[in-house]
Amino acid sequence: MTSPASRPAFVATYRLQLNADLTFADVVDLLPHIAALGVSHLYLSPIGTAMAGSTHGYDWVPPPEVSPVLGGIDGLRALRGAARAAGLGIIVDIVPNHTGVEDPRQNPWWWDVLTHGRDSAYAPYFDIDVASDNGADGRIALPVLGDAADLDALTIDTSSGTAELAFYEHRFPLTPGTDTSDARAAHDAQHYRLVPWDVGLIGYRRFFAVNGLAGMRQEEPAVYDATHTLVRTLIADDLTDGLRVDHPDGLTDPVGYLARLRADIGEDRLLLIEKILSTDEDLDPSLPVDGTTGYEALRVLDGVLIDRSAAESFTAVHQAITGNSGDRAWIDEHEHAVKLDTLREMFGAERARLRRAIVATIDSGAPPVDAADLDAAIGEVVASLGVYRADYPTLRQRLIDTFAEVERRRPDLSAALDAIESAVAVDGEASARLAQVCGATTAKSVEDCLFYRTARLVSLQEVGGDPGLFGTSVADFHAFCVARARDWPSAMTTLSTHDTKRGEDVRTRIGLLTRHPDRWRALADRMVSTTPPPDATTGLFLLQNIIGVWPLDGAPVSAGLRERLHDYTTKAIREAGMITTWTGVDTEVEERVHAWVDAVLDGPVGADVATLVADLRTEIVDACVVHKALGLFMPGFGDVYQGTEWFEDSLVDPDNRRPVDYSQSLDHPKTAMVTVALAVRRGHRESFGPGGRYVPLAAHGAASDEVIAFARGHAEELDVVVVAARAAVERLGDPTGTTVELPEGRWRSPITGAAAVGTVDVATLWSAGPVAVLERVA
């Protein structure tokens with residue numbers, strides 16, 4: 001970890017999803033609004049040239065340069081200047097793990113590799129599998145065919161002036177000297193093989209299971225140098241104040257990569273990593289970074305507003321409707337099974353490559369280990385680790401313990417487990433590939449599958465979340481914040497991103513159902529009795545999301561929202577893979593589910609949802625404001641994802657990357673809280689930056705369990721106090737008599753101007769809203 005003293009004290013960032021419809025010039029026009037919120041920095045999604053038509057930028061293509069679509073390097077310089085004039089810095093998202101190869105013509109490095117194979121100067125750039133036993137005769141397997149018979153559909157296309165192999169809209173290069181008189185014969189003479197998408201062959205490491213994103217070998221100095229020319233330009237020309245690194249867990253050597261990147265950008269710039277931490281995992285303190293982008297903070301923030309006493313009721317509803325509990329035990333059992341299935345179905349080629357790396361380490365004189373046992377043992381280890389990858393220094397013991405635990409459970413795999421453990425005991429190909437396979441399997445199994453297969457409380461089913469953990473106690477929230485202030489004071493706190501399964505206000509509203517378990521039970525029963533879903537779990541899952549996005553005033557769902565819900569439904573049921581899948585679409589089942597969604601929206605269940613949302617409107621507003629405030633005042637610095645200064649109703653991508661309507665009124669409760677919180681942070685930078693303190697404050701009285709109170713300060717002085725209500729104030733009955741003892745000194749609210757000192761009644765503090773903010777005045 002870099003010395004906290006050298007880190008700049010960020011106030012907050014404002015995250016923007018750049019694309020052809022939101023360019024650097026467009027951002028310049030938004031600067032007055034963004035600066036008025038009080039943030040200190042813009043946070044830009046990837047700015048490199050990406051695949052034509054890309055709406056996210058993570059499919060960048062070489063050579064590394066600022067995207068002309070966004071305005072090019074000159075447009076970035078203009079934005080930098082305008083941002084500085086507005087008092088704003090800039091941090092930028094970079095993507096070292098992969099590059100876009102969906103259309104090989106757009107990626108000159110990949111095109112050259114396909115043209116020349118291992119003789120290409122760019123062959124070492126990609127993590128290519130060209131072993132003779134890779135299933136493609138040592139060629140690069142490209143899974144693009146529908147089936148093997150599609151090879152007969154190949155043609156030769158010369159429209160570009162150069163002969164290319166054509167498969168419908170796809171184009172591939174031909175090695176110089178290829179005889180083009182027969183397309184099938186030409187294909188067979190190449191360095192690659194076109195293979196069916198479902199045979200489990202792929203000739204390169206991917207980002208998760210996305211064939212259009214090919215992994216880069218950043219462990220090679222030449223590859224790092226070639227892919228980081230743009231980063232070095234940004235640093236040399238002082239065009240950025242920091243970087244967010246996308247998915248470093250996909251790299252062969254993330255520790256070494258981050259060390260080199262830190263050396264390149266220097267000690268005075270922020271370095272954050274997109275790292276998903278499990279509930280029992282800490283970020284390795286040896287990493288030269290300022291922290292993560294904050295999914296672990298999101299989990300704690302969401303959890304602390306949930307009424308944990310409702311767990312039994314929600315479990316009972318889930319059991320009654322779906323036939324299973326959806327609780328901790330169910331999650332653990334099914335997570336293990338789903339990981340085994342995912343590894344077999346999605347990452348068979350990656351597992352085979354890992355197996356070959358393990359076999360290569362076995363002494364030639366040692367007894368051979370059965371390949372099927374090795375595959376089974378790999379699966380058990382990957383399914384049991386519980387983290388994305390366990391080769392970070394602080395997680396080595398976890399890996400050792402996992403081997404021991406699996407061997408106790410599966411003694412029949414003892415020889416295979418010993419071979420794997422020996423192979424990964426030292427840094428090398430086997431160790432790295434186990435880590436990479438584990439991370440990809442975990443992401444596709446948990447976030448992109450299991451979290452769509454259960455529905456006890458779907459707001460818990462978030463990136464970095466744990467649906468088996470029903471909420472977070474106030475004490476655990478404080479403990480998390482104390483540790484974060486000490487260990488990672490410059491980490492980011494996120495509430496919404498382009499990757500979240502639901503936006504912050506949608507999750508908060510769904511979590512608010514735990515305050516009304518009887519109404520939730522009645523609504524679920526109403527669904528079953530009047531509008532039974534084609535699949536029980538799917539129905540319970542979608543019902544909560546419908547509640548999460550229903551118009552706040554209880555009005556009927558608009559045509560636009562209806563369409564978005566149908567798009568979400570398609571993605572949700574295919575990700576779940578229980579009644580239909582992406583690769584095996586059951587049209588009849590999907591039509592029944594969509595008809596059911598319409599019946600819910602237009603029928604008695606929809607009417608009940610509208611009434612529920614209208615009845616809870618005040619509570620919803622208060623909860624969303626509290627959620628936002630805690631995210632901005634807790635240790636680290638907050639990120640305001642585009643448009644979340646207002647209420648938002650985003651679902652999973654691409655829904656959460658919709659254009660933002662910046663003409664909305666600034667007279668809004670969330671906007672007001674953002675501006676107050678960030679003004680306070682700006683006025684007390686030392687208290688909220690590196691070296692700042694977080695001190696929990698105890699509440700006393702009948703409603704004490706519903707109070708989140710803490711002070712922020714530096715050295716021996718505390719100068720900001722925050723007192724937030726976990727539940728709507730009106731639900732606390734009469735909170736009079738519940739008090740908080742303020743730190744020594746006199747305090748004043750920047751919201752109301754009221755003064756306070758000593759022991760203060762929370763009813764007084766919350767007279768103007770569910771979050772009281774106090775600054776020391778003497």
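Mentor: A helix is a DSSP run of H or I with at least four residues, a strand is a run of E with at least two, and both are numbered from the N terminus.

Trainee: How far can I trust the model, and how are its residues numbered?

Mentor: The model is predicted, and local features need pLDDT of at least 70, side-chain atom pairs count only at pLDDT 80 or more, while totals for chains, interfaces and linings use all residues. Residues are numbered from 1 along each chain as its sequence is written, and side-chain values use heavy atoms, with hydrogens and water left out.

Trainee: How many helices and strands does the chain have?

Mentor: There are 26 helices and 23 strands in the chain. Along the principal axes, its C-alpha atoms fill a box of roughly 85 × 65 × 55 Å.

Trainee: What percentage of the residues of the chain count as buried?

Mentor: Buried means under 20% relative accessible area, exposed means over 50%, and partly exposed is in between (1.4 Å probe, protein chains only). Here 61% of the 778 residues count as buried. Phe208 is one case: its relative accessibility is 14%, so it counts as buried. Phe208 also has a positive phi of about 50 degrees although it is not a glycine.

Trainee: Which other residue has a positive phi although it is not a glycine?

Mentor: Asp137 has one, of about 55 degrees. Asp137 sits in the loop between helix 3 and strand 5, and with a relative accessible area of 63% it is exposed.

Trainee: Which peptide bonds are cis?

Mentor: Among them is the bond from Pro62 to Pro63, with omega near -5 degrees. Pro63 is in the loop between strand 2 (41-44) and helix 2 (72-85). The bond from Asp653 to Pro654 is also cis, with omega near 5 degrees, and Pro654 lies in the loop between strand 16 (637-641) and helix 24 (669-683).

Trainee: How is a pair of aromatic rings described, and how many pairs does the structure hold?

Mentor: The description uses the distance of the centres and the angle of the planes. Rings of Phe, Tyr and Trp (its six-membered ring) pair if their centres lie within 6.5 Å; planes under 30 degrees apart count as stacked, over 60 as edge-to-face and the rest as tilted. The structure holds 18 aromatic pairs. In one of them, the ring centres of Tyr122 and Tyr125 are 5.1 Å apart and the planes stand at 90 degrees, so the pair is edge-to-face. Tyr122 is partly exposed, at 26% relative accessible area, whereas Tyr125 is buried, at 12%. Phe633 and Phe688 have ring centres 6.2 Å apart and planes at 40 degrees, so this pair is tilted. The pair links distant parts of the chain, since Phe633 is in helix 23 (residues 617-633), Phe688 is in helix 25 (residues 685-688), and they are 55 residues apart. Phe633 is buried at 0% relative accessibility, and Phe688 is buried at 3%.

Trainee: Which residues do ring pairs link into a cluster?

Mentor: The cluster consists of Trp60, Trp109, Tyr122 and Tyr125.

Trainee: How many residues does the largest nonpolar core have?

Mentor: In soluble globular proteins, nonpolar side chains tend to be buried together. A nonpolar core is a set of buried Ala, Val, Leu, Ile, Met, Phe, Trp, Tyr and Cys residues joined through side-chain atoms within 4.5 Å. The largest one has 173 residues, and those with the most contacts inside it include Leu16, Phe477 and Leu630. Helix 23 gives the most to this core, with 10 residues. Apart from it lies another core, of 32 residues, including Trp60 and Leu174.

Trainee: What does Leu630 touch?

Mentor: Contact means heavy atoms within 4.5 Å. Not counting residues up to four places away in sequence, Leu630 touches Leu301, Val304, Leu305, Phe477, Ile708, Phe710 and Ala724.

Trainee: Where is Ser120, and what does its side chain reach?

Mentor: Ser120 is in the loop between helix 3 (108-116) and strand 5 (140-145), and it is buried at 5% relative accessibility. Its side chain reaches the backbone nitrogen of Tyr122 at 3.0 Å. Leaving aside neighbours within four places in sequence, Ser120 is in contact with Asp112 and Val113.

Notes. Polar contact = N/O pair within 3.5 Å; in protein donor to acceptor, adjacent residues only side chain to side chain.
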